[in-house]
Amino acid sequence: MKQDKTNKTLVQNRQASHEYFILERYEVGMCLTGDEVKSIKSGNANLKEAFIYAEDGGIVIKNMHVSPYEKTDGFTKNSPRRDRKLLMHKQEILKVRQKVEKKGLTLIPLSMYLKGALIKMEVGLCQGKHTYDKKKTLME
């Protein structure tokens, strides 16, 4: 079987480029349950208020809303805004963590997309914009 090399975007955080300067981009995986995967593939996720922080040897996305899949049974209901672990190489996590602590940068989820059969997330290492920067980007 041939795999399709194109990535299909499922969810995008459109406000991220307006609110932040995106300095670096990373591709990460996520720990999801089966009904969350089906819900995300049908486009029922929201990255608008989500943020990422470094935890004991890993990174976690917080406040990402994934609507419950409507065809699932009633016994496996998870909270729509539960914390989800993100998967990166250990060296990448250490580099990103150092940049966040030293330079005062933040990690923001930019988009979620399909890569083959896997759901991947694009994470940006960002610096906040001031109001005059936001006005300048609107004028451009």
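Trainee: Which residues is Leu-86 in contact with, leaving aside its neighbours within four places in sequence?

Mentor: Contact means heavy atoms within 4.5 Å. In this predicted model, Leu-86 touches Val-28, Gly-29, Met-30, Ile-52, Ile-59, Ile-61 and Met-121 by that criterion. Residues are numbered from 1 along each chain as its sequence is written. Local features need pLDDT of at least 70 and side-chain atom pairs pLDDT 80 or more, while totals for chains, interfaces and linings use all residues; side-chain values use heavy atoms, without hydrogens and water.

Trainee: How many residues has the largest nonpolar core?

Mentor: A nonpolar core is a set of buried Ala, Val, Leu, Ile, Met, Phe, Trp, Tyr and Cys residues joined through side-chain atoms within 4.5 Å, where buried means under 20% relative accessible area with a 1.4 Å probe, protein chains only. Here the largest such core has 26 residues, and Met-64, Leu-86, Met-112 and Met-121 have the most contacts inside it. Among the elements giving two or more residues to this core are strand E1 (8-12), helix H3 (90-103) and strand E9 (118-128). The largest share, four residues, comes from E9.

Trainee: What does the secondary structure of the protein come to?

Mentor: Helices (H or I, at least four residues) and strands (E, at least two) are DSSP runs, numbered from the N terminus. The protein has four helices and nine strands, in the order β-α-β-α-β-β-β-β-β-α-β-β-α from the N terminus on.

Trainee: What percentage of the residues in the protein is buried?

Mentor: Of the 140 residues in the protein, 34% are buried. Among contacts between residues at least 6 apart in sequence, 69% join residues at least 24 apart.

Terms used
Buried means under 20% relative accessible area, exposed over 50%, partly exposed in between (1.4 Å probe, protein chains only).
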